[in-house]
Each structure stands twice: as C-alpha cells, then as structure tokens.
Amino acid sequence: MRSPLLGPRWLGIHLLVVLLAAVCVAGTAWQFARAFEPDRTVITNPAEDLADAVPIGELLEPGQYMHPETHANTAVTATGHYDADSQLLVPASEEGVRGYHVILPLVTGDGAAVTVNRGWAEEGQEIPPVTDEEVTVSGWLQPPVADGGYTPVSPPEGQVERIATSLLVNKWDHPLYEGYVALPEQDPATNSLVPDEPPQPPTGITVNWRSLSYTLQWAMFGVSGVVFWIILMRRELADAREQEEGAPSEPEETPVPKGDQAAAADS
C-alpha cells in the first residue's frame, strides 16, 4: 500500500519544511556570527609597520571617501610643507585631564593637504613650532572622528570640534585627503607632545546580546517547525492506520442446500 506521506499534498509540505529548515539554519548561523564579531565602530585592523608605508596618494585621492575597514591603520607617507598658520587645537581629555590634539595641514606638491595630528598637549602647555622646510612624514592613516570626548559647545578661534574632514574643509583653503595621519613619537613634529597612537585590535570578545537573542529565536523557530512537521506526519499515519483497521470486510456467501436450489429452479 502506498504511504499517505507520498501524496502530492504531503510532498509539498515536505518541500516547505526543507526550505524552512534551510532558512532557519542560515539565519541562526548569521546571527551567531554577528553576536561575536567586533563592534563596527571600533577599528580592528592592526597598525602596519611604518617600514611598509606607502604614499597616501596610492590609497586615496583628495576628497575621496576613506573606507575605515580597509584603510584605517595603514602606514602612509606624505611629502610637503606644513602650513603652520593653519594649526588648530581639538579639545580632548586624556584620563580626565583636559587638553588638545594639535593638528595642521601638510600641503603637498599638487596643492592638496594631508591632515596631520602632531599629538596631544595638556591645557596650558606650550606647543613647539614646526619646521618650515619640506618634510616627508610617516604615520598611520586614521578615519575622521565621529564625535569627541570633551568638546565645548562653541569652540573659540583656533579650535575645531573634532578631527573631521567635513569640518576642516571650512577652516583650510586646501583640497583635503579624507581622514588624518597620526605621527609616531620619533617624528620631529611630535616633539614634546603625546603621540596619538593608532588603536590596536581588541583582545577580548564583546557579545552582542541582541544578535545572540536573534540566534536563539531563529533556532527555536526552526526546531518548532520540524517538531510540528513530525507531529503532523505521525497524526496522518495514525489516521491512515485507523481507517485501514476499521474498514468492513467483504461478506462471505452462505451455501444454499440442494433441495432449496431445486425448488428455486422449479419456481
């Protein structure tokens, strides 16, 4: 006897369950991976060795968008002259101490400028001047800062809210490369300032609890669908078995005596 689970209706149900299971497995795996991946707001690519620095013009063009996932912490070089008259202070606190990041444009030969972060100075600290000669700097390319720590509501003259190209284009009369270059401690422009070292990849694991909860939801939905499918199949088989056992059997023919057969023939 053909199984009732091989009918057209059940074949469609089987296909639907397979698709549901595949979607739930994919959703569970995707959310589980997201639950343990680094926060997208944190730069996780390691800082490159400055010995492998490449000219910034090989990575970006002035005004071109910088992709933090691929360009951040890249070791770059730039050659030009510092525009010392355009130096700006960016309010920032370090371990609760108020101070400033000192930035200025390095104007290259084609007239475009690279934003250079000389380092951090405590509030009231004297900032040494930079050379007016042509220099070649090596440092780590960093993305624009989205928001700062200690930031006044309206910064005074000579300051800017944060190191962001969108703000600096209104301060400097040069086409700008996106982001900025953080100088190492040994660079002469850093001098007595505290260098802005590039961030390193996080060593711990930060769990994204929302994605983890989605992982459990996808898994539970998939398991529930499979369990419901199994229950339906068991019920279908049980109904088919009951129908087979309860079906009336064919009645047997009652033998007729010979005398009755002759009387029936005469009549």
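**Close-up 1. Strands β3 and β4 pair up in the antiparallel sense.** This view comes from a predicted model, and here β3 (residues 88–94) and β4 (residues 97–107) are joined over 7 bridges. For one spot to look at, find Pro 91, which sits opposite Tyr 100 of β4.

**Close-up 2. The turn of the hairpin holds Glu 95.** Between β3 and β4 there are 2 residues. Glu 95 has a positive phi here, near 55 degrees.

**Close-up 3. How β3 sits in the structure.** Of the 7 residues in β3, 5 are buried, so this strand is largely enclosed by the rest of the structure. Buried here means under 20% relative accessible area.

**Close-up 4. Helices α1 and α4 come together.** Two packed helices are described by the angle between their axes and the distance between those axes. For α1 (residues 8–35) and α4 (residues 209–246), the axes come within 8 Å and cross at roughly 160 degrees. Because angles over 145 degrees count as roughly antiparallel, α1 is roughly antiparallel to α4. The crossing of α1 past α4 is left-handed. As for the residues that make up this contact, 16 are nonpolar, 8 are polar and 3 are charged.

**Close-up 5. Residues 212–232, a stretch with a UniProt label.** An unreviewed UniProt entry lists these residues as "transmembrane region". In the model, the span 212–232 is 100% helix and 0% strand. From one end to the other, the C-alpha atoms of residues 212–232 lie 30 Å apart.

Terms used:
Residues numbered from 1 in each chain as written. Predicted model: local features only at pLDDT ≥ 70, side-chain atom pairs only at ≥ 80, totals over all residues. Heavy atoms only, no water. Axes fitted to C-alpha atoms, helices over the stretch in contact; angles between N-to-C directions. Helix = DSSP H or I, 4+ residues; strand = E, 2+ residues; numbered from the N terminus. Parallel < 35°, antiparallel > 145°, perpendicular 65-115°, else oblique. Left-handed = near helix turned anticlockwise from the far one by under 90°. Nonpolar A, V, L, I, M, F, W, Y, C, P; charged D, E, K, R; others polar. UniProt positions renumbered as here; feature names shortened; annotations may be inferred. Buried < 20%, exposed > 50% of the residue type's maximum accessible area, 1.4 Å probe, protein only. Pairing = 2+ DSSP bridges.
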